[in-house]
Amino acid sequence: MSILIYAESREGMFKKSVFELASYAAAVAKMMNSQAIALVTGNPGQEEMKKLGNYGISKILSFYDESVKVFDSAICCQVIEAVVKKENCPLVIFQHNNTGKALAPRLSARLKAGLVTAVISLPESTKPFIVTKKVYTAKAFARVAIKTQVKILTLSQNSYMLTESKTDPAIEQFSIQLDKSQLKISVKEVQLLTGKILLTDAEIVVSGGRGMRGPENWQPIIDLAEALGAATACSRPVSDEGWRPHTEHVGQTGKIIAPNLYIACGISGAIQHMGGVGSAKVVVAINKDKDAPIFEIADYGIVGDVFKVLPELISAVKEHKAK
Amino acid sequence: MKILVCISHVPDTTTKIKFIDGKSLDTAGVQWIINPWDELALTRALELKESSNGLIDHVSVITVGGPDTEPTIRKALAIGADSAIRVNAAAGDTFFVAYQVAEAIKNSGFDIILAGIDSCDFNGSSFGSMLGEFLSITSVSSVSGVNFNGNDISVDREIDGGKEILSCPVPFVAIVQKGITKEPRIPSMRGIMTARTKPLAVVEPVACEALTEFLSFELPKHKASCRMVDPENVKELVELLRNEAKVI
Ligand SMILES: Cc1cc2nc3c(=O)[nH]c(=O)nc-3n(C[C@H](O)[C@H](O)[C@H](O)COP(=O)(O)OP(=O)(O)OC[C@H]3O[C@@H](n4cnc5c(N)ncnc54)[C@H](O)[C@@H]3O)c2cc1C
Ligand SMILES: Nc1ncnc2c1ncn2[C@@H]1O[C@H](COP(=O)(O)O)[C@@H](O)[C@H]1O
């Protein structure tokens, strides 16, 4: 009996969020007197795989087949199902990202295993199995019980601390005969944006709203982000107006992010905006209107003109970094 | 070809969420809407139909919900859907809902099925992939475009740092998100008139047990109040972020 995580690798590497997932699974395994194991399908190499051992993973199953290169949820679920059966897993945990959202529900339907997505903390009990998740676009939480023997979760980004616990995981090659007739899609073209910190990965995000008044005024946002090693983002009207690319739009109808630090410049803090950034650990707001709703959810605030405050903030950050 | 758009009936996104005894949503004064993603999906379905030279001849919507969801369905008809199905059951967990939709449509021959990435009530982000599995067809998630490519359909899938253009034979479920179309359509006067007479089939649910149960709800604890920094002393903010919040 082992608790399984799906450890996604990109270009041969695990992101920090995979180690968070491993830490979480190891903690749940302790609660259930079990152990945590990982399935890896991306072929990241022995050394990278061993890193999962730093966060309590005791065994790694590595699966590789050309057909998993085209990410198809039905094909991947064949592999995960086979592992669940072989290792007799009572619980499978994914990240709550594009990949997890594609796989976990498909697996749930396949195994008739109850699924709770966007879980934010350890189960309050494992018998009955009860977890807390975000609902109503992060405006509330719900306690949800899973009633089936096999259970599936997706873990919200940035909701569990990295926890080191050294193990020396065995790495096993796993193989099954795939039913490739299910693979219908093919990739015709890939369009990549390069050289930028991915917004959904960024630990720090600097974001601008309508208060920036126009695309020609964006340099301070870019400079502050550069000084902090941050990604840049914006509110919806800003991307609707074409001031910034759509990929930067955060909020309920854009990207949902959970950085450690979110700096909102000239953003009023509309409820739909906060739906996308409400999980940030620390929010800083710079706004000239002291009654702007953003100050109700910010941890630190400056009431002032962005065009005066930002240049000073940039030099203060640079000074701090130079120390 | 026929398109089906799966619609979820949810509280308006500006709703101030409150609960009765922590057990159920206080629906007093709540405005109900078509889930924003589903509204965009419907809009895209209609655009495809109109630009398809007759290749796509029907756009249908489906919802699992009680009679109280009918105004939401009528709105979808007013926007331009040709017909609607309502599975007459309170929406339980997503497993239940997706199973009901699969059973209701399995012999209906829909070629393209559109669902949203997330519904703004329970934020399951799971319906579309479950439906794909129940119907044993491809499901593609993170879809930001569905386009004609001659008589073929291509699907844009967002990935970390970019996107993939997929060729995807029908039938499939596309789980749509930002980018699928620009603005949701609003009902026209004529649309509202004709919606009343468009077919809305009510079907009874099949037996299926929910696998999860919502036990209770709570609101987030209020943040300790915002700490204000003097705009004349911006350095202090950097100090606080470094020494107190420890985030830089
Ligand atoms: C269904 C739906 C979904 C939506 N989804 C999203 C979403 O995903 N993301 C999103 O962001 N929005 C979304 N919105 C829009 C949202 O309701 C707000 O309209 C939007 O977030 C406002 O953007 P803003 O804060 O940039 O602009 P505004 O609300 O106009 O705020 C600008 C702020 O800048 C301040 N300001 C102006 N000049 C200065 C200055 N010189 N210095 C300092 N401060 C200044 C002002 O005081 C004001 O607070 C959605 C709306 C709907 C109906
Ligand atoms: N009761 C329902 N009836 C029909 N479709 C639904 C229902 N609930 C959710 N959906 C679809 O599933 C999508 C995502 O919902 P969810 O997985 O619940 O977050 C929505 O955007 C709808 O397309």
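Chain B has 6 helices and 15 strands, where helices (H or I, at least four residues) and strands (E, at least two) are DSSP runs numbered from the N terminus. This is a predicted model, so local features need pLDDT of at least 70 and side-chain atom pairs count only at pLDDT 80 or more, while totals for chains, interfaces and linings use all residues. Residues are numbered from 1 along each chain as its sequence is written, chains are lettered from A and ligands numbered from 1 in the order in which they are written, and side-chain values use heavy atoms, with hydrogens and water left out.

Staying with chain B for a moment, its C-alpha atoms fill a box of roughly 65 × 45 × 40 Å along the principal axes. Of the 248 residues in chain B, 55% are buried; buried here means under 20% relative accessible area, exposed means over 50%, and partly exposed is anything in between (1.4 Å probe, protein chains only). Helix H2 of chain B, residues 70-79, gives a local view of this, with Thr72(B), Ile73(B), Ala76(B), Leu77(B), Ala78(B) and Ile79(B) buried.

Now for the ligands. Ligand 1 lies between chains A and B. It is surrounded by 27 residues, and the closest are Arg210(A), Ser235(A), Thr253(A), Ser268(A) and His273(A); a residue counts as near when one of its heavy atoms lies within 4 Å. Sorted by type, the shell around ligand 1 holds 6 nonpolar, 15 polar and 6 charged residues.

A nitrogen atom of ligand 1 is 3.0 Å from a side-chain N or O atom of Asp305(A). On its own, ligand 1 has 980 Å² of accessible area, and the protein covers 80% of it; such areas come from the Shrake-Rupley method with a 1.4 Å probe, and for residues only the protein chains shown count as cover. The elements giving two or more residues to this shell are helices H6 (236-240), H7 (271-277) and H9 (306-322) of chain A.

Ligand 2 has 20 residues around it, with Cys6(B), Asp38(B), Ser119(B), Ser126(B) and Phe127(B) coming nearest. These 20 divide into 8 nonpolar, 10 polar and 2 charged. The side chain of Asn35(B) brings an N or O atom to 3.0 Å from an oxygen atom of ligand 2. Taken alone, ligand 2 exposes 480 Å², and the protein buries 94% of that. Strand E6 (58-64), helix H3 (94-105) and strand E8 (112-116) of chain B each supply at least two shell residues, and E6(B) gives the most, with 3.

Then there are the salt bridges (a side-chain nitrogen of Lys or Arg within 4 Å of a carboxyl oxygen of Asp or Glu). Over all chains, the structure holds 34 of them. Lys59(A) pairs with Glu172(A), with the closest N and O atoms 3.5 Å apart. This pair links strand E5 (residues 57-62) to strand E12 (residues 170-173) of chain A, 113 residues apart. Lys59(A) is buried at 16% relative accessible area, whereas Glu172(A) is partly exposed at 29%.

In chain B, Asp82(B) and Lys49(B) form a salt bridge at 3.0 Å between the closest N and O atoms. Asp82(B) lies in the loop between H2 and strand E7 (83-87) and Lys49(B) in helix H1 (residues 36-50), so the pair ties together parts 33 residues apart in sequence.

Terms used
A polar contact is a pair of N or O atoms within 3.5 Å; within protein, one must be able to donate a hydrogen and the other to accept it, and residues adjacent in sequence count only if both atoms are side-chain atoms. Ala, Val, Leu, Ile, Met, Phe, Trp, Tyr, Cys and Pro count as nonpolar, Asp, Glu, Lys and Arg as charged, and the others, Gly among them, as polar.
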